[in-house]
Amino acid sequence: MDKKAASERGVLVCNDMRPGGGGHGTPELAWGLMLAAARGIAIEHEGMRQGKWQGTHMGVGLYGKTLGLLGLGRLGKRMVDYAKAFGMPVIAWSQNLTDEAAAAAGAKRVGKEELFKQSDFISIHYVLSDRSRGIVGPAELNAMKSTAYIINTSRGPIIQEQALIDALRAKKIAGAAVDVFDVEPLPADSPLRKLDNLTMTPHLGYVTTESLKMFYEAIVRVTEAFVDGKPIGITNPEAVKS
């Protein structure tokens, strides 16, 4: 949404999403992708469809492994809760994260380099901005353990795509699982599709019955209010003045 362009044309942008019940879908998917990558679920599922029985992937457990969170906001904090249930210590880094805020969320703040060096699993929960675009590149991926995995359910451009492809091809890390991409829909000829140590889903983080119900209900509310001449949830009040 180009809010600036809408404002210049006097077009109201309204959002009446209300708290409660939302925001669970993405971290739940991130955890599912972590398990899928660690246990080779997609590979074994495909093998079963082909009539095979003997597994080909030696999985790794999560218990006792270190979870590193790149970003410890609302979604990152939910990952901490899941990690506790799996017996995983949690470390975290973001540009503005403090020791106190990390501790309050149940994690330990570390430097960015240490996050990539120490983590067995890294999950990204960072807002895409000019500061975060490409924040995970060759240096960060090369710092990871060869047995480590990285999961991205945030935004594709946070990881430099070619750097991820290179790391996975060279087996510098054990694997990755991603739900988001630089270009969406993912091009049919994308090299990502050919990596056997990459688990992918087509941007499903928010796609749950509960989330979409909230979206649709909000659309109805703002539409009815607009038709009644009493718009609600205006996010660009400057448009009213233009």
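Helices (at least four residues) and strands (at least two) are DSSP runs, numbered from the N terminus. The model shown in these figures is predicted.

**Figure 1. Overview of the protein chain, with 10 helices and seven strands.** The C-alpha trace spans about 65 × 50 × 35 Å along its principal axes. The chain has 242 residues, of which 41% count as buried.

**Figure 2. The largest cavity, with a volume of about 80 Å³.** A search of the whole structure finds one cavity of 30 Å³ or more. Its lining is made up of Asn152, Gly156, Ile159, Glu161, Leu164, Val178, Val180, Phe181, Asp182 and Leu192. By residue class, this lining divides into six nonpolar, two polar and two charged residues.

**Figure 3. The second largest pocket, holding about 190 Å³ of space.** The lining has 15 residues, and those closest to the pocket centre are Ile43, Asp196, Asn197, Leu198 and Thr199. At least two lining residues come from each of helix H2 (25-39), helix H3 (41-49), strand E6 (175-178) and E7. Nine of the lining residues are nonpolar, five are polar and one is charged.

**Figure 4. The cis peptide bond between Glu184 and Pro185.** Omega for the bond from Glu184 to Pro185 is near -5°. Pro185 sits in the loop that runs between E6 and E7. For comparison, most peptide bonds are trans.

**Figure 5. Lys171, a residue other than glycine with a positive phi.** The phi value of Lys171 is near 60°. Most residues other than glycine have a negative phi. Lys171 is placed in the loop between helix H8 (161-169) and E6. Lys171 counts as partly exposed because its relative accessible area is 47%, which lies between the cut-offs of 20% for buried and 50% for exposed.

**Figure 6. The loop between E7 and H9, viewed at His203.** His203 is not a glycine, yet its phi is positive, at about 55°. With a relative accessibility of 22%, His203 is classed as partly exposed; the class of buried residues is limited to values under 20%.

**Figure 7. A nonpolar surface patch made by Leu204, Tyr206 and Val207.** The area of the patch is about 240 Å². One of its members, Tyr206, belongs to the loop between strand E7 (198-200) and helix H9 (209-227). The relative accessibility of Tyr206 is 41%, so Tyr206 counts as partly exposed.

Figure 8. Ala163 counts as buried because its relative accessibility is 10%, and buried means under 20%.

Methods:
Residues are numbered from 1 along each chain as its sequence is written. This is a predicted model: local features need pLDDT of at least 70, side-chain atom pairs count only at pLDDT 80 or more; totals for chains, interfaces and linings use all residues. Side-chain values use heavy atoms; hydrogens and water are left out. Patches are made of residues with over 30% relative accessible area and no salt bridge: like charges are joined within 9 Å, nonpolar side chains (Val, Leu, Ile, Met, Phe, Trp, Tyr) within 5 Å. Accessible areas come from the Shrake-Rupley method with a 1.4 Å probe; for residues, only the protein chains shown count as cover. A salt bridge is a side-chain nitrogen of Lys or Arg within 4 Å of a carboxyl oxygen of Asp or Glu. Buried means under 20% relative accessible area, exposed over 50%, partly exposed in between (1.4 Å probe, protein chains only). On a 1 Å grid over the protein atoms alone, a cavity is a set of points where a 1.4 Å probe fits but cannot get out, and a pocket is an open set with protein on both sides within 12 Å along at least five of seven lines; lining residues have an atom within 4 Å of a point. Grid points are joined across faces, edges and corners, and a volume is the space filled by probe spheres set on the points. Ala, Val, Leu, Ile, Met, Phe, Trp, Tyr, Cys and Pro count as nonpolar, Asp, Glu, Lys and Arg as charged, and the others, Gly among them, as polar.
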